[in-house]
Amino acid sequence: MMETALEFEDGRRILQSFQLPLSIGRDEASGLRLRGWRVARHHARLMAREGEVWVEDFGALAGTEVNGRRVALYGPLRVNDEVVIGPCLLRVLGLPGTLSAPGTAVEPPGEAAAGLGPPASGAVAAPASLADTERPESAVMEAATPSAEGLALRRRLHGRLIEALQLRRRDIGLMSDEALRAEASKVLLSLIAEDEAPPRGQDREALARDLLDEAVGLGPLEGLLADPEVTEIMVNRHDEIFVEIRGRLRRHPRAFSSEQAVLGVIERIVAPLGRRIDDSSPMVDARLRDGSRVNAVIAPIALRGASLTIRKFPARRLGMADLLAVGALDEPIAVFLQACVRHKKNLIVSGGTGSGKTSLLNILSNAIPDGERVVTIEDAAELRLNHRHLVSLEARPANLEGRGRVEIRDLVRNALRMRPDRIVVGECRGGEAFDMLAAMNTGHEGSLTTLHANSPRDALGRLETMILMAGMELPLAAVREHVASSIDVIVQLLRTPDGRRMVGSVAEVTGMEGGRIQTQELFRGQAGPPAVYSGCGLLPDCFAREPHVVEAGLFSRRTVCEAPHADAFGTAS
């Protein structure tokens with residue numbers, strides 16, 4: 001008997017003994033049956049030769065690897081050798097005989113060593129290990145992975161459905177979603193009836209539903225978008241999808257049928273927005289109808305296939321109470337930030353990617369008085385301000401002729417002519433920072449914006465850099481004076497190792513001294529669990545003339561937040 005440990009890409013690990021010779025493949029008669037598009041029906045075998053164990057590859061397309069090297073014939077195997085076939089890594093734990101000489105390999109002719117490639121579905125007909133006892137936190141994670149036969153059938157039917165409907169030639173913008181889906185359903189049912197029966201374990205209704213979603217919807221993303229626990233969807237390539245649930249990344253078992261299916265979904269997302277993606281413009285930012293942010297990248301810059309990233313936004317409008325409930329901040333910080341917005345203090349929300357900057361900006365906007373006119377400016381519309389006097393502007397890329405581009409900086413300058421009381425810029429990335437700070441410093445106090453930085457001090461440095469990017473030939477001292485006189489408060493957000501989002505620091509800009517912008521930290525957050533928030537005991541200078549606005553006791557309190565692991569910044573519940 002040969003003792004092995006089977007390790008799969010989904011994290012499962014199974015200890016199993018096999019009698020030699022051992023056939024490996026997708027065929028039901030295989031001694032070790034694996035599923036996945038990288039596994040051939042008769043893929044490889046383990047055999048005994050004069051008391052030694054050898055592995056032989058039968059010429060499968062994805063090949064067989066031993067210790068990271070693709071082989072056609074390898075032996076003898078030794079303890080701790082690793083044999084990779086499709087989604088399975090077979091680690092040798094025990095052999096029938098004692099092996100001393102190192103193994104030698106015969107490489108397949110005309111082929112270079114290949115890597116593992118993208119993760120794919122994989123399952124072996126064996127009892128689940130302890131790693132399988134943990135149930136996924138999202139219901140959609142329990143979806144079954146289609147077999148290779150199922151993927152082939154889906155790919156074939158999808159191509160025939162597209163051809164029958166001639167979706168590429170049809171102006172689907174003139175048809176409602178219901179009408180298009182109904183027409184596609186009729187065609188698809190007839191195609192399924194003409195085709196062979198679906199593979200074992202897959203019913204016709206599920207097959208039809210998946211194909212309809214892929215042809216006229218968003219394919220396997222439909223269920224993920226409907227799942228309230230999924231906050232971000234990442235399609236690395238057509239057969240590799242990851243999701244973020246409660247701040248942690250997980251592999252999703254479903255996949256698109258082909259690369260063309262992903263490209264079709266991307267086109268259906270960006271076309272209604274008047275944006276395009278092709279070889280000449282292989283990157284695009286867009287949004288879904290619910291406001292979710294979309295970024296897509298295709299060849300030639302996406303080397304492994306079309307990539308799609310969707311940042312979902314909550315199904316309901318969040319409030320400060322939601323952040324307090326999950327310990328993203330404490331009561332003193334919430335009171336102070338709301339007071340800053342009500343009393344027109346210029347505020348910057350800083351943080352890394354996915355730290356919750358846009359969500360916090362939405363929540364802080366609830367403190368803007370109703371009688372004020374608010375103009376929001378974004379590259380791709382994401383803000384959903386709950387305000388009755390609101391004007392939303394969105395930048396626009398160039399058209400096919402390279403004309404018509406409208407940048408954020410143009411919108412900021414135009415907003416100054418729209419009689420705004422507040423200007424909210426979704427994110428400062430370049431030269432618009434100068435115009436934004438100019439607006440803050442010339443009668444539009446109380447404006448809000450976000451930027452990427454790791455600390456309040458880094459945020460100031462980035463502002464200086466972005467102003468210099470605007471092409472203004474100003475001395476650095478003048479730039480720093482401009483920043484120091486415009487910004488009042490910087491809120492720093494962070495993501496903890498366990499995926500939580502929280503306020504890490506609240507700092508006030510107090511002016512210039514010795515040619516350097518001076519700041520003082522008012523509140524500090526320390527990741528837990530539990531999260532601890534403490535006031536630094538310093539009263540803010542920005543309220544020196546309004547001491548009645550905030551109580552002095554807010555800045556010396558210490559709060560311990562033992563909230564359950566939840567994520568108000570990203571949850572869609």
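The contact brings together Ile408, Arg409, Val412 and Arg413 of α9 and Glu432, Phe434, Asp435 and Met436 of α10, where contact means heavy atoms within 4.5 Å. These contact residues of α9 and α10 divide into four nonpolar, no polar and four charged; Ala, Val, Leu, Ile, Met, Phe, Trp, Tyr, Cys and Pro count as nonpolar, Asp, Glu, Lys and Arg as charged, and the others, Gly among them, as polar. The axes of α9 and α10 (residues 432-440) come within 8 Å and cross at roughly 20°. Such a crossing makes α9 roughly parallel to α10. Axes here are lines fitted to C-alpha atoms, for helices over the stretch in contact, and angles run from 0 to 180 degrees between N-to-C directions. Angles under 35 degrees count as roughly parallel, over 145 as roughly antiparallel, 65 to 115 as roughly perpendicular and the rest as oblique.

The model is a predicted one, in which local features need pLDDT of at least 70 and side-chain atom pairs count only at pLDDT 80 or more, while totals for chains, interfaces and linings use all residues. Residues are numbered from 1 along each chain as its sequence is written, and side-chain values use heavy atoms, with hydrogens and water left out.

Arg409 is found in α9, which spans residues 408-415. Arg409 counts as buried because its relative accessibility is 17%, buried meaning under 20% relative accessible area, exposed over 50%, and partly exposed in between (1.4 Å probe, protein chains only). The side chain of Arg409 makes a polar contact with that of Asp435, at 2.5 Å. A polar contact is a pair of N or O atoms within 3.5 Å; within protein, one must be able to donate a hydrogen and the other to accept it, and residues adjacent in sequence count only if both atoms are side-chain atoms. Beyond its neighbours within four places in sequence, Arg409 is in contact with Gly431, Glu432, Phe434, Asp435, Ala470 and Met472.

Helix α10 has a further partner. With their axes 7 Å apart, α10 and helix α11 (residues 456-469) pack at an angle of about 110°. This angle makes α10 roughly perpendicular to α11. Here Ala433, Phe434 and Leu437 in α10 meet Leu463, Met466 and Ile467 in α11. The residues of the α10 contact with α11 divide into six nonpolar, no polar and no charged.

Stepping back to the whole chain, its secondary structure comes to 12 helices and 28 strands. Helices (H or I, at least four residues) and strands (E, at least two) are DSSP runs, numbered from the N terminus. Of the 573 residues in the chain, 52% are buried. Among contacts with a separation of 6 or more, 57% come from residues 24 or more positions apart.

Helix α8 (residues 357-364) is mostly covered, with eight of its eight residues buried. The elements covering the buried residues of α8 include α6 (320-325), α7 (331-342), β19 (347-351), β22 (422-425), β23 (448-452) and β24 (489-495). Leu308 is found in strand β18 (residues 307-311). With a relative accessible area of 1%, Leu308 is buried. Leaving aside neighbours within four places in sequence, the residues in contact with Leu308 include Leu221, Ile233, Met234, Val265, Ile266 and Val294. Val265 is 43 residues from Leu308 along the chain, and the C-alpha atoms of the two are separated by 9.4 Å.

Most residues other than glycine have a negative phi, and most peptide bonds are trans. A cis peptide bond joins Leu20 and Pro21, with omega about 0°, and Pro21 is placed in the loop between β2 (13-18) and β3 (22-25). The bond from Ala299 to Pro300 is cis too, with omega near 15°; Pro300 belongs to the loop between β17 (293-297) and β18. Asn80, a residue other than glycine, has a positive phi near 80° and is found in the loop between β9 (73-75) and β10 (82-85). Arg419 is not a glycine either, yet has a positive phi of about 55°. This residue, Arg419, lies in the loop between α9 and β22, and Arg419 is exposed, with a relative accessible area of 56%.
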